[in-house]
Protein chains: 2
Amino acid sequence: MEVLKDEEIPITKIKWLLTSSSSKWLEQAVSNPIELLIDHANCERKAAGAAVQMMFRYLCEPGLAEVLSPLAREELEHFERVIGILRSRGCYLEPLPAPPYAALLAKNVRKEEPVRMLDTFLVSGLIEARSHERMALLALHSTDKELRNLYMDLLRSEARHSCVYWNLAKERFEKDMILKRLKELSRIEADILSNLHPQPRMHS
Amino acid sequence: MEVLKDEEIPITKIKWLLTSSSSKWLEQAVSNPIELLIDHANCERKAAGAAVQMMFRYLCEPGLAEVLSPLAREELEHFERVIGILRSRGCYLEPLPAPPYAALLAKNVRKEEPVRMLDTFLVSGLIEARSHERMALLALHSTDKELRNLYMDLLRSEARHSCVYWNLAKERFEKDMILKRLKELSRIEADILSNLHPQPRMHS
């Protein structure tokens with residue numbers, strides 16, 4: 001793949017994110033399509049698991065399970081689609097070492113309610129927003145048509161999922177409070193990604 | 001509801017199960033439709049969670065995630081349908097105390113592999129088989145048409161889910177070994193249910 005400079009990357013401006021992904025990440029991702037697919041499948045499975053876990057934690061919160069359950073189903077559909085592509089290429093899931101991204105974000109979820117709930121929504125929304133931004137880049141720059149189509153199809157859902165978490169927050173918290181915390185968390189998110197993780201990952 | 005004697009219950013003979021549900025369970029269940037629906041919703045959510053957890057544990061096992069992911073999606077669809085009915089009746093999810101059924105079965109899952117995997121499949125299959133049997137009874141005996149239709153629709157999936165777990169076991173273990181262990185576990189399952197739990201539950 002031809003190496004792009006950062007300013008040459010056509011930015012999908014995502015309103016949650018403070019920074020755009022670097023050309024180095026894109027180059028790393030496009031050069032390692034199979035490892036990225038395996039990591040991507042793991043991410044979809046984990047996103048489904050996280051949504052189901054949130055439904056367990058906030059069992060009695062009306063309006064939460066109604067949107068998180070369909071979201072979890074959609075993540076599982078994506079998971080199935082990605083492992084289908086992996087299998088068609090003679091590969092399968094592997095327990096790849098995870099980059100520190102999600103664990104570092106989770107560390108910033110405050111422990112006490114109700115702000116724990118707010119932070120959980122915002123961190124999940126940020127992860128979905130980053131997936132959206134990166135899938136948009138891969139949909140444009142992957143050298144493989146099947147993968148360009150995959151990412152093009154999936155990025156729409158990722159965008160929708162950010163909105164789901166935004167709406168869950170908006171229905172329960174003051175807008176000023178949400179925006180203040182989102183600003184802090186999106187700064188943390190951008191800082192985590194400022195040093196490229198050595199292994200190709202969806203969130204390296 | 002008219003009290004039936006045990007021998008009057010039209011038995012849906014499920015091959016996994018050693019015993020049929022008692023008329024006392026059916027009477028308890030039919031007399032408490034809302035509490036049963038809340039418990040049922042919790043069961044569907046937990047079944048989805050258990051399938052996703054199994055996918056995490058056996059990440060690299062080919063052919064496992066491909067069937068457990070659609071199964072988890074279907075459990076979530078059922079969950080959504082049940083909470084839809086609850087909401088339409090002015091009710092919602094509640095953290096009902098769980099009966100000892102699932103925890104006692106889980107205690108009988110051996111700790112070491114590969115028999116841990118076999119036991120996990122068989123315990124999950126037994127729970128699905130019991131759900132199938134009980135939904136068949138509720139589809140016949142519920143005094144509420146909407147609920148009869150609900151249980152009639154869902155019991156087919158429960159039957160399919162038992163088969164999913166049976167096939168997962170059959171593809172990986174000797175038939176004699178499976179049948180021997182299934183006999184032990186189905187005895188345990190029947191014993192757990194031999195004393196009716198005081199609260200109305202899908203698995204009381």
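This is a predicted model: local features need pLDDT of at least 70, side-chain atom pairs count only at pLDDT 80 or more; totals for chains, interfaces and linings use all residues.
Local features require pLDDT of at least 70 and side-chain atom pairs pLDDT 80 or more, while totals for chains, interfaces and linings use all residues. Residues are numbered from 1 along each chain as its sequence is written, chains are lettered from A, and side-chain values use heavy atoms, without hydrogens and water.

The helices discussed are DSSP runs (H or I, at least four residues), numbered from the N terminus.

| Helix | Residues |
|---|---|
| α1 of chain A | 23–31 |
| α3 of chain A | 65–88 |
| α6 of chain A | 145–170 |
| α7 of chain A | 175–193 |

Two packed helices are described by the angle between their axes and the distance between the axes. For α3(A) and α6(A), the angle is about 165 degrees and the axes lie 11 Å apart. Therefore α3(A) is roughly antiparallel to α6(A), a term for angles over 145 degrees. The residues of their contact (heavy atoms within 4.5 Å) comprise 11 nonpolar, four polar and seven charged.

R181(A) belongs to helix α7 of chain A. Because its relative accessibility is 10%, R181(A) counts as buried (under 20% relative accessible area, 1.4 Å probe, protein chains only). Its side chain makes a polar contact of 3.0 Å with that of D119(A); such a contact pairs N or O atoms within 3.5 Å, one able to donate a hydrogen and the other to accept it. Leaving aside residues up to four places away in sequence, R181(A) also touches N108(A), R110(A), L118(A) and L122(A).

In α1(A), the buried residues include W25(A), L26(A) and V30(A). Among the elements that cover the buried residues of α1(A) are α2 (33–57) and α5 (115–141) of chain A.

Note on methods. Axes are lines fitted to C-alpha atoms, for helices over the stretch in contact, and angles run from 0 to 180 degrees between N-to-C directions. Helices (H or I, at least four residues) and strands (E, at least two) are DSSP runs, numbered from the N terminus. Angles under 35 degrees count as roughly parallel, over 145 as roughly antiparallel, 65 to 115 as roughly perpendicular and the rest as oblique. Ala, Val, Leu, Ile, Met, Phe, Trp, Tyr, Cys and Pro count as nonpolar, Asp, Glu, Lys and Arg as charged, and the others, Gly among them, as polar. Buried means under 20% relative accessible area, exposed over 50%, partly exposed in between (1.4 Å probe, protein chains only).
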